[in-house]
2 protein chains.
Amino acid sequence: MKNVRSAEILCVGTELLLGDIINTNASYISRRLAALGIPVYRQAVVGDNPERMRQAIAESFSRSDCLILSGGLGPTCDDITKEMVAEHFGLELELNQEALDRMMEYFSSMGRNMTKNNEKQAMAPLGARVLQNNWGTAPGFVIEQGDKTAIMLPGPPIELEPMWRERVEPYLFERSNSVIVSKNIYILGMGESAVEEKLRYMMEELENPTVAPYAGNGECRVRVSARAKDEATASEMCDRQIEEIRKTEVGDYIYGIDVDSMENALVMHLRERGMTLACAESCTGGLIAKRITDLAGCSDVFLGGCVTYANEAKEKLIGVKHETLEAYGAVSEQTAREMAKGVRLALGADVGIATTGIAGPGGGTPDKPVGTVYIAVSTEEGEWVKLLNLSPKRSREFIRICAATNAMSLALNLCTFDKN
Amino acid sequence: MKNVRSAEILCVGTELLLGDIINTNASYISRRLAALGIPVYRQAVVGDNPERMRQAIAESFSRSDCLILSGGLGPTCDDITKEMVAEHFGLELELNQEALDRMMEYFSSMGRNMTKNNEKQAMAPLGARVLQNNWGTAPGFVIEQGDKTAIMLPGPPIELEPMWRERVEPYLFERSNSVIVSKNIYILGMGESAVEEKLRYMMEELENPTVAPYAGNGECRVRVSARAKDEATASEMCDRQIEEIRKTEVGDYIYGIDVDSMENALVMHLRERGMTLACAESCTGGLIAKRITDLAGCSDVFLGGCVTYANEAKEKLIGVKHETLEAYGAVSEQTAREMAKGVRLALGADVGIATTGIAGPGGGTPDKPVGTVYIAVSTEEGEWVKLLNLSPKRSREFIRICAATNAMSLALNLCTFDKN
């Protein structure tokens with residue numbers, strides 16, 4: 001069996017070309033291929049159109065030795081991926097009884113009846129390896145011919161992702177001759193172009209490991225990737241580079257390595273210390289709680305929270321004083337402080353977090369324009385409040401995400417006694 | 001000026017090929033082009049590599065008369081999109097003073113200093129139309145040569161999307177000779193393959209309008225698209241087709257047309273009736289509140305909510321009885337009922353929504369496996385509870401989204417008196 005030197009990804013579906021769905025499969029497959037040390041030179045999307053698919057398949061194989069296709073394996077008349085790939089390799093299709101049996105079993109395990117049109121999914125190109133699909137109905141396929149390999153996977157990410165992990169990776173692993181390890185440095189409070197300016201020499205001069213910054217949602221992430229024969233060596237190369245980055249100005253803004261997200265960094269940190277958390281949200285409207293409870297097993301740290309959108313909710317649920325709201329308004333240092341303390345006491349938590357601000361697009365005033373957000377943290381030792389002046393040009397979504405991230409960051413910093 | 005008959009999209013960035021970011025630009029641009037009646041035949045992604053970019057640009061123009069590029073216009077040394085497109089058309093780059101001035105102004109309006117490397121972004125291909133960027137630093141460009149057009153836009157979606165609306169659409173609008181209108185039918189409670197089975201004859205036989213189902217997050221959406229000379233005609237063609245769909249079995253599961261989401265359908269509905277809403281969330285952990293407060297201007301309907309993750313939070317914040325939790329457990333009909341009623345009374349709302357369940361992956365028992373979720377709604381007239389048995393094979397994320405959507409659906413159905 002030969003090594004895969006490079007791959008291309010072809011995602012099939014008119015719904016992708018119409019923009020009805022976002023192509024998460026291409027990024028998923030790319031990320032996993034990178035981890036196997038297989039470079040991806042191109043991703044493409046074509047519709048359920050025989051002629052354009054035929055052309056795209058031929059083009060890809062003229063450049064690369066491995067083509068990974070997603071979508072178009074389903075039961076409907078529009079699903080023609082398997083047919084086009086089989087045609088490219090000059091193979092017939094035939095009914096695969098094992099695939100059919102497994103599919104019927106899958107339907108019965110979900111308590112559903114298999115409609116007749118599903119049978120089409122059990123047709124396999126002659127000589128293809130069938131990749132059993134335990135997460136949906138359409139099986140995948142691998143065709144090898146000479147030094148060319150086509151891997152076909154179903155389109156829904158909820159099926160494609162486990163199919164990749166459980167079926168494709170074991171198959172590809174032995175074919176890859178090196179491993180790439182990547183580590184991510186999480187940064188808050190320094191913009192992408194400033195980070196790039198500070199790390200420019202690393203970005204330009206280093207080839208292995210590589211250093212690349214990415215921005216999004218008001219945060220910045222620097223990815224350090226190293227390629228080596230084995231994982232331990234690549235990992236150590238990354239670690240040495242991360243130490244170099246810590247020595248630059250960027251170091252002051254790092255909140256974690258491979259922590260995945262601010263919420264995860266905070267929850268892990270509180271868990272280590274046996275501390276509990278509660279939050280009171282106005283402008284973020286549940287986003288902090290949602291992000292924390294995205295994390296399975298957060299219940300040892302997270303007790304709960306209040307979304308106190310209306311003023312009455314702030315008074316009734318977490319005891320913000322009516323006079324405070326009257327005198328200073330809902331978007332104020334005083335209200336933020338009382339919210340953080342109020343929710344901490346109401347739930348008996350060690351740490352309380354609060355947000356109150358103007359997420360827009362409406363609701364801004366000359367004094368308090370859109371983007372004005374107070375974040376607060378309360379612990380037994382007192383309350384801390386910080387004013388964020390986010391740009392009123394930013395979207396509601398961006399302002400809410402930033403407010404949530406910064407509020408969690410304030411809690412993380414205040415609770416990081418051993419780091420100071 | 002000639003019509004654009006078809007377009008291709010080329011997104012540039014190694015971070016896309018590494019799978020570090022998801023390509024939302026391709027779907028955004030595709031969607032907007034469809035609305036202008038311009039078909040997209042292919043989307044592609046290449047890295048910041050001169051040779052591969054050169055090849056991709058040449059291939060696209062051999063098939064299509066318009067190529068839209070995103071990314072690679074930034075200040076770093078990796079940004080080479082403009083250079084490669086200019087090379088394709090045989091054009092030199094020169095500093096565009098106006099673009100430079102606007103960029104400096106943008107930096108100062110954001111209260112930031114412009115670093116030297118940003119100047120590169122003001123270099124324009126000779127004769128190109130400069131698309132001013134009010135949402136970031138890198139301007140976009142349009143090059144027309146013969147019947148070929150290249151449109152270059154910055155990569156960050158937060159810049160690309162307003163650039164598209166405010167700069168590219170006005171430019172493209174007059175070049176399109178027909179309009180596509182699409183309407184979306186929102187469906188809950190019937191799976192995609194069942195919907196497809198019921199609407200199969202429409203999907204296969206109709207060419208204009210077209211009918212296509214899409215599934216995601218436990219919901220189904222059917223998109224009806226019509227192409228005509230003007231918007232009114234296309235819109236009417238869609239409406240007639242939607243009436244046909246209402247007459248099928250699918251009709252019973254429709255919860256709205258072009259409502260965008262369940263949360264929007266619910267908030268609009270309550271707003272029309274002057275009703276207010278509060279929610280108490282356990283397994284959804286703030287997701288309902290987050291989804292509702294994603295909607296700007298929801299504060300006339302949404303008062304707030306409680307994320308009662310721990311049992312104590314359920315007792316303290318919304319008065320769930322200790323005995324109820326002891327006797328039936330947190331995941332039970334009785335607890336769901338008390339949560340919905342408790343939060344409605346605590347906040348003085350007209351409608352209370354609650355969720356309690358096991359989102360997994362841990363926490364399941366033989367009696368109450370992962371996917372067991374009780375949803376409840378409380379109004380002045382009483383409480384309604386529904387048990388969802390979602391598949392334990394589903395992800396935590398999927399179970400949470402489904403639970404949130406179904407809880408809001410229960411409230412929507414109960415409050416839709418005039419429909420029954």
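Me: By a turn of how many degrees can chain A be laid on chain B?
Reply: Chain A can be laid on chain B with an RMSD of 0.2 Å and a shift of 0.1 Å along the axis; copies are superposed by least squares on the C-alpha atoms of residues with pLDDT of at least 70 in both. That's the relation of a two-fold axis. The turn is 180 degrees.

By the way, this is a predicted model: local features need pLDDT of at least 70, side-chain atom pairs count only at pLDDT 80 or more, and totals for chains, interfaces and linings use all residues. Residues are numbered from 1 along each chain as its sequence is written, while chains are lettered from A and ligands numbered from 1 in the order in which they are written.

Me: How many residues does the contact take from chain B?
Reply: Two residues are in contact if their C-beta atoms, placed from the backbone, lie within 7 Å. Chain A gives 68 residues. 97% of chain A's interface residues are also interface residues in chain B, so the copies meet through the same surface. From chain B, the contact takes 69 residues.

Me: Which residue in β2(B) is the bridge partner of A:Q43?
Reply: Strand β2 (residues 40-46) of chain A pairs with strand β2 (residues 40-46) of chain B in the antiparallel sense over three bridges. Strands are DSSP runs (E, at least two residues), numbered from the N terminus, and two of them pair if DSSP finds at least two bridges between them. The partner of A:Q43 is B:V45.

Definitions and conventions. Helix = DSSP H or I, 4+ residues; strand = E, 2+ residues; numbered from the N terminus.
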